[in-house]
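Dear colleague,

Please find below the structure I said I would pass on. My notes on it come after the display.

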Amino acid sequence: MDGRLALEFVEGTDALVCVVDGAGRILLANPALQRFTGRTPDQLRGHLFVDVYVVPEHRELALDAVSRAVATGRAYPQEGDWLTADGSRRLISMQNNVLTDLGGRSYAVACVGIDVTDQRRREAQLSERARTDRLTGIPNRGTFFEELARHLDPAAERVCGVLFCDLDGFKVVNDVYGHAVGDAVLVEIATRLRAMVEPGRLVARFGGDEFVVLCPGCDEPVLAELAAAVCEWVGAPVLTAAGPVAVGVSIGSAVGRPGEAPDEVITRADRAMYGAKTRQHRASERPPD
């Protein structure tokens, strides 16, 4: 009875069940694996498993893993790409066990594989969504702090510059044209910022109409040049459904050093931004000469 149930399980499960000997020759391949590879039992039994479903770059590693498992009596879970009948790749999670004969000698490795391709893709998408601002598609506040903390690690060998950018006049845009136009402006500003920064730098939406730029290795003079460029790019009118819309930007900068807390660096940049905004406001209120 137990033997029949075991056979029915192996025959009926959607898991990919395979048994290979120490040399890597297939001793058993269940119907699910036959369908996966597009091969009949006769086309599988006796053939090297690495010639059937293992991707070429993993061939030697896979053979070595089986050989070691039989030699030591220990096998370990793994994940790897397998080739389907049409040559496409699927990510397979493998539970591996060493089989022994009545004398306790290891002679084969049994593998139960589960296709986790779609699951891992969903997990990656969820992880990306958690790190990305939904409106603009750029990294969010949490991702920015993670990256800033990484660059401020005590073992880091260089400083890390930060620009804190706050849009001027954005509330008026929302009040006059509506939030749909306001959202379009935010998306365009994010696009412009991302297009202008060099590789290795990060643009993130900090919240509302605030954006931050992470600049590893940048000191104050470099940040000043970048801030001037940002002002020019952001200040250009944005074409929206309501027509051209213009906003300004106030920018503060700070240079963080290895071992410094991220909160301290962003607070300095935030204060510098408010100082710049105050100066711009006072200049706009000053009567003409």
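This is a predicted model: local features need pLDDT of at least 70, side-chain atom pairs count only at pLDDT 80 or more; totals for chains, interfaces and linings use all residues.

Overall form. The protein chain contains 10 helices and 11 strands. Its C-alpha trace spans about 100 × 45 × 35 Å along the principal axes. The radius of gyration of the protein chain is 30 Å, whereas a compact globule of 289 residues would have one near 19 Å.

An unreviewed UniProt entry lists "domain: PAS" at residues 8-73. In the model, residues 8-73 are 45% helix and 15% strand, with 27 Å between the end C-alpha atoms. The UniProt record, again unreviewed, also places "domain: PAC" at residues 76-128. That span is 23% helix and 53% strand, and its end C-alpha atoms lie 29 Å apart.

Largest pocket. The largest pocket holds about 530 Å³ of space. It is lined by 25 residues, of which A62, A65, V66, Q78 and N96 are the closest to its centre. Which elements each supply at least two residues of the lining? They are strand 1 (16-21), helix 4 (59-72), strand 3 (78-83), strand 4 (89-100) and strand 5 (106-115). Helix 4 gives the most, with seven residues. By residue class, the lining of the largest pocket divides into 16 nonpolar, five polar and four charged.

Helix contact. Two packed helices are described by the angle between their axes and the distance between the axes. For helix 7 (residues 170-177) and helix 8 (residues 179-196), the angle is about 145 degrees and the axes are 7 Å apart. On the helix 7 side, the contact is made by F170, V173, N174 and Y177. Helix 8 contributes H179, V181, G182, V185 and L186. The residues of this contact comprise six nonpolar and three polar, with no charged.

Regards

Definitions and conventions: Residues are numbered from 1 along each chain as its sequence is written. Side-chain values use heavy atoms; hydrogens and water are left out. On a 1 Å grid over the protein atoms alone, a cavity is a set of points where a 1.4 Å probe fits but cannot get out, and a pocket is an open set with protein on both sides within 12 Å along at least five of seven lines; lining residues have an atom within 4 Å of a point. Grid points are joined across faces, edges and corners, and a volume is the space filled by probe spheres set on the points. Helices (H or I, at least four residues) and strands (E, at least two) are DSSP runs, numbered from the N terminus. Ala, Val, Leu, Ile, Met, Phe, Trp, Tyr, Cys and Pro count as nonpolar, Asp, Glu, Lys and Arg as charged, and the others, Gly among them, as polar. UniProt positions are given in the numbering used here, feature names are shortened, and annotations may be inferred rather than shown by experiment. Axes are lines fitted to C-alpha atoms, for helices over the stretch in contact, and angles run from 0 to 180 degrees between N-to-C directions. Contact means heavy atoms within 4.5 Å. The radius of gyration is taken over C-alpha atoms; the globule rule is 2.2 Å times the number of residues to the power 0.38.
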